[in-house]
Amino acid sequence: TSQVLAIRARQHAPSLPNEEAELLIKINERLPFQSQKRYDELIAKRRNETLIPQEYEELLQLTKQSERLQARRVEYLSTLAQFRQTTLAKLLEQLGVKTVS
């Protein structure tokens with residue numbers, strides 16, 4: 001999914017300023033496929049209460065990695081909002097980003 005989003009961002013890039021195109025690519029960064037798959041597996045094991053201690057540690061590491069990506073994503077979104085001279089809320093609406101209330 002992240003590769004598809006990056007390709008889409010690059011396709012739109014010729015009509016966007018370089019800084020904006022680069023921000024959109026960074027905003028769409030995700031965990032690598034295998035990491036996301038493993039994260040989902042570990043979440044399922046946690047829900048089923050079958051997670052062993054080593055897997056719990058692995059889940060913590062993947063969670064930290066995911067949270068770092070999300071924090072950077074918010075920073076990039078904020079920068080893009082400033083670049084477009086709009087609010088973060090309006091930018092999220094324009095991009096079709098759903099937020100959790």
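**Close-up views of a predicted model**

**View A. The side chain of Asn28 meets the backbone of Leu24.** A polar atom of the Asn28 side chain lies 2.9 Å from the backbone oxygen of Leu24. The model shown here is predicted. Asn28 sits in the loop between α2 (18-27) and α3 (33-47). Its relative accessible area is 17%. Buried means under 20%, so Asn28 counts as buried.

**View B. The buried residues of α2 line one face of the helix.** Glu20, Ala21, Leu23, Leu24 and Ile27 are the residues in question, and they are buried in α2. Seen down the axis of α2, they fall within an arc of 160 degrees, so they line one face. An α-helix has 3.6 residues a turn, so residues three or four places apart point the same way.

**View C. Helices α4 and α5 are roughly perpendicular.** The axes of α4 (residues 53-83) and α5 (residues 88-95) come within 9 Å and cross at roughly 100 degrees. From α4, the contact uses Leu77, Ser78, Leu80 and Ala81. From α5, Leu88, Leu91, Leu92 and Leu95 take part. Seven residues of this contact are nonpolar, one is polar and none is charged.

**View D. Glu49 has a positive phi.** Most residues other than glycine have a negative phi. Phi of Glu49 is near 60 degrees. Glu49 belongs to the loop between α3 and α4. With 73% relative accessibility, Glu49 is exposed.

**View E. Gln85 also has a positive phi.** For Gln85, phi is near 55 degrees. The residue lies in the loop between α4 and α5. Gln85 is exposed, at a relative accessible area of 76%.

Conventions
Residues are numbered from 1 along each chain as its sequence is written. This is a predicted model: local features need pLDDT of at least 70, side-chain atom pairs count only at pLDDT 80 or more; totals for chains, interfaces and linings use all residues. Side-chain values use heavy atoms; hydrogens and water are left out. Helices (H or I, at least four residues) and strands (E, at least two) are DSSP runs, numbered from the N terminus. Buried means under 20% relative accessible area, exposed over 50%, partly exposed in between (1.4 Å probe, protein chains only). A polar contact is a pair of N or O atoms within 3.5 Å; within protein, one must be able to donate a hydrogen and the other to accept it, and residues adjacent in sequence count only if both atoms are side-chain atoms. Axes are lines fitted to C-alpha atoms, for helices over the stretch in contact, and angles run from 0 to 180 degrees between N-to-C directions. Angles under 35 degrees count as roughly parallel, over 145 as roughly antiparallel, 65 to 115 as roughly perpendicular and the rest as oblique. Contact means heavy atoms within 4.5 Å. Ala, Val, Leu, Ile, Met, Phe, Trp, Tyr, Cys and Pro count as nonpolar, Asp, Glu, Lys and Arg as charged, and the others, Gly among them, as polar. The arc is that of the directions from the helix axis to the C-beta atoms.
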